[in-house]
Amino acid sequence: MTDIVMPRLTDSMEEGTVIAWLKEDGDEIAIGDELVEIETDKASMVYEADAAGTLKIIVGPETTLPIGTPIATVGEAGGSDTGGGAGAGEDSPGRPRSARPGVPGEPSPAPAATAVELTGDGRGAVGGSGGTPGENDSASAESFDSRPPESSTGPPLSTTGERVKASPLARRIALDRGVDLGSLRGSGPGGRIIRVDVERAPVAGRTRETAAVEGGRGEIETVALTRTQQTIARRMSESKATVPHFVLRTEVDMRRAVAVREAFKAEPGAEDLAVPSYNDFVLKAAARALELHPRANGAYEDGTFRLYSRINIGIAVATEGALIVPVISDADRRDLHGIAAESRRLAERVRSGEITPPELSGGTFTVSNLGMFGVSGFDAVINPGQAGILAVGGIADRPVVENDELVPGKLMELSLSCDHRILYGADGALFLATIKAGLEEPGLLA
């Protein structure tokens, strides 16, 4: 008999939630069978069996437990496949379906599973610890109904009782909203129903509690936070409470960058290339600056400076109700077109809900851009585990002084939030000046 324990699926995971068992108690399982869906601080993942035998489930859906806590056992197989081997995490016989790329300078990454749909933020924004283990760890070893939650507490997957091909997150959202999955057409691979399909469907009933209150405020809806939103709230509060920030600002004249971008767009065959956006220029300039100022590509932790050998830049992407930070790995080794292609690819995967934990992990610095929303400038909150974050405003037509004359300029505000424990004033100023120089002379970014 081998214990299956709550695995560590991301480097920042401290606890996980069993969303649904994909096998029933007493089933004979084989190696590679999809076993259980687990929600971490970043994503919802399917965990596969790495051993064969009879499954004995210990805890039910919606149970949150610290990593390493038993959630099931696997006994001798009833004549089916045999096998075993070490578990992928915490002596578990389960195994993930993909692995996070390692980041030199960081602890060895935890094994990661394939995210079936995104429900969490990248490491920068919401990754890390801070949870309160054991909130719902009262599960006992008693047997219980291991069927997916729709069988007991919500609408069935299909009103006809047919099994529907849908991602676990889509099933959960459908359960919350009272949506019949059997009435939907999936837009995912092979017709699989994914999150966006459910979110577009008519909602059968309200899922939010509504309460009338006095005081002239009218009715107030009390909206429960998703796990991702809870993690964002906790991590941002942790950052503001424990990381001593200071903020530096500068303005960048983007006239030359604008001209270079227009030249890219005018190149023959440009329609087949990923023409860099202005944010891609910023990412490349930041990567170059991180290379020249390694302290900015690190973090303060437990009285030490942790300097990362790889330059992986997170790009904050706003989605409905959440903030996702996919990571461009080795940004310093990519040219402008390479960064443009990768940022587009990641943004599309965020929008389609197909982003995976490895694509959200390992960030060493973050860039947040709100210029496309008409924001001229803002200060961003540092992601724990990083030394700083760069906030980017929009480009505005404003006059500048050149050779003692006023001429038309295109100015963009940058704001650098610094962790004062690792970046001091001069360090931050030099780092920001390097970014500014790269943007004002794009030839430095080649």
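Strands (E, at least two residues) and helices (H or I, at least four) are DSSP runs numbered from the N terminus. The model is predicted, with local features requiring pLDDT of at least 70 and side-chain atom pairs counted only at pLDDT 80 or more, while totals for chains, interfaces and linings use all residues. Residue numbers start from 1 along each chain as its sequence is written, and side-chain values use heavy atoms, without hydrogens and water.

Val-252 lies in strand S15 (residues 245-253). Its relative accessibility is 0%, so Val-252 counts as buried (under 20% relative accessible area, with exposed over 50% and partly exposed in between; 1.4 Å probe, protein chains only). Contacts (heavy atoms within 4.5 Å) of Val-252, leaving aside residues up to four places away in sequence, are made with Lys-410, Leu-411, Met-412, Leu-414, Lys-436, Leu-439 and Glu-440. Of these, Leu-411 is 159 residues from Val-252 in sequence, with a C-alpha to C-alpha separation of 5.4 Å.

An open sheet is formed by four strands in the order S1-S8-S6-S3, with antiparallel pairing (at least two DSSP bridges between two strands). Strands S1 (2-5) and S3 (28-29) stand at the edges with a single partner strand each, so one side of each has no neighbour in the sheet. S1 and strand S8 (residues 70-74) run antiparallel and are joined by four bridges; Asp-3 has Thr-73 in S8 as its bridge partner.
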